[in-house]
Amino acid sequence: MTLLNDAPPAGLAGTPVRATQRFRAYTNKHLDELVARAGLGPEARLATRAVATVLPFRTNAYVVDELIDWSAAPDDPIYRLVFPQADMLPDSDVARIADLLRQEAPPKEIQRAAHEVRMKLNPHPAGQMDLNVPDEMQGIQHKYRETVLFFPKQGQTCHAYCTYCFRWAQFVGEPDLKFASDDIDGLVEYLVAHPDVTSVLITGGDPMIMGETVLKRYIEPLLELPQLESIRIGSKALAYWPQRFVTDPDADATLRLFERVTKAGKNLAFMAHFSHPREMESQLVSQAVRRIQSTGATIRTQAPLIRSINDNPSDWSSMWRQQHAMGMIPYYMFVERDTGPQDYFAVPLGRAYEIFRDAYTSVSGLCRTVRGPSMSATPGKVCVDGVTEINGERLFMLRLIQARDASLVGRPFFAHYDPEAKWLSDLKPALADKFPFEE
Ligand code: SF4
């Protein structure tokens, strides 16, 4: 590795980044001042605060100072990626909470109202709280035969929160909505008892919020398990805080930990979440990517397709091209999940397919490692493979690219075309009485 000999990091447009730049989070107490910078008046700012009472808000100085184009805010896609918007929730709910904030109601009353709104937002889609969870093992999901997800207790926050996050319920301070574990011994025991599991995904939140001394407590015991072929880390730190791999005090130690994983013969798959091409413009990101790759890890990229943030083919084709040029592997375009502000951010499946197709056809074959648009639904990952016409009727062609019932993986099926459909539950089977996962 050449970690310690790397040139000093540079920021956007080659601007030197201070080597000592330390992470600084912005939370609800900074929200009013920050959105004023986007030109919002008092009522709009109050509505924004009302939404941030229900859904989580957190960003940081790097996102605010380096990524957001404030001259375009509040329409700027990165602004929309991290700042709540008034119409993310139904008007009546926003008005109710805004009234309580205006009256400076007791915090308990405000929190009770926020809780009631949250309960209407399907906080745990795809049965994640119970369907795939082994008995009494909150914080572990055995999602597919070969894949287990682990939610480390100290990793259940992020360097910034995405407005569209499907894990939003982890961050709102309601213990009953949260799942996490620090029982690494329990995880190891579970894996030994389930030798079919070959891959563990450490996820959050963002596991890279953990310092190296904590992260290694979770990773090192896994290196002893011969059955494990890969360890995945799901993270948006390359977009929200690339300093984590370059200038943070434990950046080098973290990379040495990554190197121990690959030297143990495991594939370390760093699952990087990039939502918009601008997140990759900084030279600091290029440097962080190179440093991660220098450990032998691979970086695969994924993100959901989000209305008003990245709902056009050119953003996706330029992301995939750039990722490919940087040696990353485009992996998934997801459909916005059926939780939280889905009504606000979702792109209809028919349009999602068109965006995917137009982006996919405009990149070279080497970028076409990407799959999508894919719904992470209760039966598994359902990909919209196309729209076709059979017997004079328009149909969606669908396929399970991953499934809880392994015998269904790869199974194609059809649904009646519906231009408004945004999720699997909106679809009706075609050319069969039932979908294959309903049989
Ligand atoms: S980085 Fe991932 S877990 Fe964190 S807020 Fe964004 S989507 Fe959610």
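Mentor: In this predicted model, the protein holds 14 helices and 14 strands. Its radius of gyration is 22 Å, close to the 22 Å that the globule rule gives for 439 residues, so the protein is as compact as a globular protein of that length.

Trainee: What does the C-alpha trace span along its principal axes?

Mentor: The spans are about 65 × 60 × 50 Å.

Trainee: What share of the residues is buried?

Mentor: A residue counts as buried when its relative accessible area is under 20%. By that criterion, 58% of the 439 residues are buried. The accessible surface of the protein amounts to about 18,100 Å², and carbon and sulfur atoms account for 49% of that surface.

Trainee: Among contacts between residues at least 6 apart in sequence, what percentage joins residues at least 24 apart?

Mentor: The figure is 73% in this protein.

Trainee: How far apart are the mean positions of the positive and negative charges?

Mentor: They lie 4 Å apart, with 48 positive and 55 negative charges in the protein.

Trainee: In which sense, parallel or antiparallel, do S4 and S5 pair?

Mentor: Strand S4, residues 147–150, pairs with S5 in the parallel sense over four bridges. Leu149 stands opposite Leu201 of S5.

Definitions and conventions
Residues numbered from 1 in each chain as written. Predicted model: local features only at pLDDT ≥ 70, side-chain atom pairs only at ≥ 80, totals over all residues. Heavy atoms only, no water. Helix = DSSP H or I, 4+ residues; strand = E, 2+ residues; numbered from the N terminus. Rg over C-alpha atoms; globule rule 2.2 N^0.38 Å. Buried < 20%, exposed > 50% of the residue type's maximum accessible area, 1.4 Å probe, protein only. Contact = heavy atoms within 4.5 Å. Areas by Shrake-Rupley, 256 points an atom, 1.4 Å probe, with all protein chains shown as cover. Lys, Arg positive; Asp, Glu negative; His and termini not counted. Charge placed at Lys NZ, Arg CZ, Asp CG, Glu CD. Pairing = 2+ DSSP bridges.
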